[in-house]
Amino acid sequence: MPMPAKDIEALIKAALPDAEVTITDLAGDGDHYAAHVVSAVFVGKPRIAQHKLVYAALGGRMGGELHALQLTTAVPN
Amino acid sequence: MSDTNARIAEIVGSNNVVLFMKGTPLFPQCGFSSRAVAILDHLGVQYESVDVLQDMEIRQGIKSFSDWPTIPQLYVKGEFVGGSDIMMEMYEAGELQELVASNA
């Protein structure tokens, strides 16, 4: 089930208000996305924890409604 | 601990490097699993793979076992490493090579 990129961005920003979110529609079909999330909340956290914060923001959609979301995380420069 | 959890614990405990994936390394059934296999093959590391499509209990069980919503999932020496995105980030940072080399 396709999910608009702006909805993904809104969910992430609701949970991580300082986040810079860049979403790329990989296949142009509204169903295969890459998201790059930059947030100060990630500072000092291992990658698994950073990704889990984003998955939590997506509220259980990851692995279901959102099958194809490549995720990269980073801390602000 | 449920039977499924015990089975998963046995798998991750008895293999240095194990990838839970959809399909097999030769015939991955999902782009993310394919990417995970490509990274491990590129590193030349020996690994065990578990095709979750052949086992519904493990397919669901691994998600709660790892507290991680997606497949593939990589374990090295009993520790959950992450999915294909984290594998790629670690590979690009040179960290995955280090991890599997020190655990081979």
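# A tour of chains A and B

Start in chain A of this predicted model and select strands S1 and S2 (residues 32–38): the two run antiparallel and are joined by six bridges.

The three strands make an open sheet in the order S1-S2-S3, with mixed pairing. Strand S1 (20–25) and S3 of chain A are the edge strands, each pairing on one side only. From one strand to the next, the twist averages 15 degrees.

**Ile23(A)**

Next, pick Ile23(A), which is found in strand S1 of chain A. Its opposite number in S2(A) is Ala35(A). Is Ile23(A) buried, exposed or partly exposed? Ile23(A) counts as partly exposed because it has 18 C-beta neighbours inside 10 Å, whereas a buried residue needs 20 or more. Show its contacts beyond four places in sequence: Ala5(A), Ile8(A), Glu9(A), Tyr33(A) and Ala35(A). For a distance check, draw a line from Ile23(A) to Ile12(A): they are 11 residues apart in sequence and 11 Å apart in space, C-alpha to C-alpha.

**Helices of chain A**

Select helix H1 (residues 5–15) of chain A. H1(A) lies across S1 and S2 of chain A and runs at about 155 degrees to S1(A).

Move to H2(A) and color its buried residues: Arg47(A), Gln50(A), His51(A), Val54(A), Tyr55(A) and Ala57(A). They sit on the same side of H2(A), because they cover an arc of only 160 degrees around the axis. What do the buried residues of H2(A) pack against? In chain A they meet H1, S2 and S3, and in chain B strand S4 (79–82) and H4. Just after H2(A), stop at Gly59(A), which takes a positive phi of about 55 degrees.

**Where the chains touch**

Now show both chains. Nine residues from chain A and six residues from chain B take part in the contact. On the side of chain A that touches chain B, helix H2 (47–57) and strand S3 (68–74) each supply at least two residues. H2(A) gives the most, with four residues. By type, this side of chain A holds four nonpolar residues, four polar and one charged.

**The hairpin in chain B**

Cross to chain B and select S3(B) and S4(B). These strands run antiparallel and are joined by three bridges. Within this pair, Val76(B) has Glu79(B) in S4(B) as its bridge partner. The hairpin has two residues between the strands, and Lys77(B) in it takes a positive phi near 50 degrees.

**The cores**

Finish with the nonpolar cores. The largest has 28 residues, and Leu19(B), Ala36(B) and Met87(B) touch the most other members. Which elements of chain B each supply at least two residues of this core? They are helix H1 (3–14), strand S1 (17–21), helix H2 (31–43), helix H3 (56–66), strand S3 (73–76), helix H4 (84–92) and helix H5 (95–101).

Center the view on Leu19(B). Not counting residues up to four places away in sequence, Leu19(B) touches Ala36(B), Leu40(B), Tyr47(B), Ser49(B), Pro72(B) and Leu74(B).

Last, return to chain A and select Tyr33(A), Val37(A), Ala57(A) and Leu58(A), which are among the 16 residues of a second, separate core.

Methods: Residues are numbered from 1 along each chain as its sequence is written. Chains are lettered from A and ligands numbered from 1 in the order in which they are written. This is a predicted model: local features need pLDDT of at least 70, side-chain atom pairs count only at pLDDT 80 or more; totals for chains, interfaces and linings use all residues. A nonpolar core is a set of buried Ala, Val, Leu, Ile, Met, Phe, Trp, Tyr and Cys residues joined through C-beta atoms within 7 Å. A residue is buried if 20 or more other C-beta atoms lie within 10 Å of its own, exposed if 12 or fewer, and partly exposed in between; C-beta atoms are placed from the backbone. Two residues are in contact if their C-beta atoms, placed from the backbone, lie within 7 Å. Ala, Val, Leu, Ile, Met, Phe, Trp, Tyr, Cys and Pro count as nonpolar, Asp, Glu, Lys and Arg as charged, and the others, Gly among them, as polar. Two strands pair if DSSP finds at least two bridges between them. Axes are lines fitted to C-alpha atoms, for helices over the stretch in contact, and angles run from 0 to 180 degrees between N-to-C directions. The arc is that of the directions from the helix axis to the C-beta atoms.
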